[in-house]
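Here's a quick briefing to read with the model open in your viewer. It goes through helix packing, then the sheet, then how the copies relate.

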2 protein chains.
Amino acid sequence: VGYSPCRISHLLIEESTGNQLVFLREINGDRSFAIGIGPLEALAIQRALQGEAFPRPLTHDFCMAMLGAFSITLVEVRIVRLEHDTFFAEVDLTGPGGRRVTIDCRPSDALALMVRGSEVPLRVNDDILAALG
Amino acid sequence: VGYSPCRISHLLIEESTGNQLVFLREINGDRSFAIGIGPLEALAIQRALQGEAFPRPLTHDFCMAMLGAFSITLVEVRIVRLEHDTFFAEVDLTGPGGRRVTIDCRPSDALALMVRGSEVPLRVNDDILAALG
């Protein structure tokens, strides 16, 4: 399977429906598509993108603090497939010994962690870009 | 500072206001108090308490999967203080080498992780129990 590097282009909150969409765009091209996410996940992504401070750690801040305390680094986020209108994501983490693991997750969680990391690459399965982009 | 072992006694959703409350109760006594939490955090706690399966991992399931992949165990949750109507919590984690770290967090995140762990003890600062219990 091929993957293409992407980035978050913007978040959209549809006032009429209350739906939250995060738009991902190809870096070396102009295909883009949207993933529907929950309201708190949208807030978690938006807060980090805008660098807004929050008095107490949000859930993904807490996640990053736990990983950081054990020298675990988020090294890549992938959107791996779309199945019955549900997007599946994965994150790759490396531990202090260089051990690399892959964890299955929802795109919203992967992206909310990604925007809290340091220039974490995002890659999207080309089948998704071909179908939706 | 003294701490007393507690447990989650129940969750309450106030239909009229939409507020979510998690009630904590002393194990060796009958003092109890409530902490207001967000709707998604309430769902995250309720799902795990009821053992409900969800098609995709919720955020705290994802957290536990990341910790587990690196043999990190949640060993204790504490409600440490109440300041201007905000409760502060901490979780203790141990890594594979036995290293123990404490991470600052919101009670809702601490409790949502706790109910996904294996008999994780919960302790509450006695000052909170004395004031509210």
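In which sense, left-handed or right-handed, does α1(A) pass α3(A)? The crossing is left-handed. Keep in mind that this is a predicted model.

**Helix pair in chain A**
- Helix α1 (residues 39–49) of chain A packs with helix α3 (residues 107–114) of chain A at an angle of about 20°, and the axes sit 8 Å apart.
- An angle under 35 degrees counts as roughly parallel, so that's the label for α1(A) and α3(A).
- On the α1(A) side, the contact comes from E41(A), A44(A) and I45(A), while α3(A) brings in S108(A), D109(A), L111(A) and A112(A).
- Sorted by class, that contact has 4 nonpolar, 1 polar and 2 charged residues.

**Sheet in chain B**
- Chain B has an open sheet of 7 strands with mixed pairing, running β3-β2-β1-β7-β4-β5-β6.
- β3 (32–37) and β6 (100–105) of chain B are the edge strands, each with a single partner, so one side of each has no neighbour in the sheet.
- From one strand to the next, the twist averages 35°.
- Strand β5 (residues 86–94) of chain B pairs with β6(B) in the antiparallel sense over 6 bridges, and D92(B) has T102(B) as its bridge partner in β6(B).
- Helix α2 (residues 59–69) of chain A packs on this sheet, touching β5 and β6 of chain B, and its direction makes about 165° with that of β6(B).

**How the copies relate**

Methods:
Residues are numbered from 1 along each chain as its sequence is written. Chains are lettered from A and ligands numbered from 1 in the order in which they are written. This is a predicted model: local features need pLDDT of at least 70, side-chain atom pairs count only at pLDDT 80 or more; totals for chains, interfaces and linings use all residues. Side-chain values use heavy atoms; hydrogens and water are left out. Axes are lines fitted to C-alpha atoms, for helices over the stretch in contact, and angles run from 0 to 180 degrees between N-to-C directions. Helices (H or I, at least four residues) and strands (E, at least two) are DSSP runs, numbered from the N terminus. Angles under 35 degrees count as roughly parallel, over 145 as roughly antiparallel, 65 to 115 as roughly perpendicular and the rest as oblique. A crossing is left-handed if the near helix is turned anticlockwise from the far one by less than a right angle, and right-handed if clockwise. Contact means heavy atoms within 4.5 Å. Ala, Val, Leu, Ile, Met, Phe, Trp, Tyr, Cys and Pro count as nonpolar, Asp, Glu, Lys and Arg as charged, and the others, Gly among them, as polar. Two strands pair if DSSP finds at least two bridges between them.
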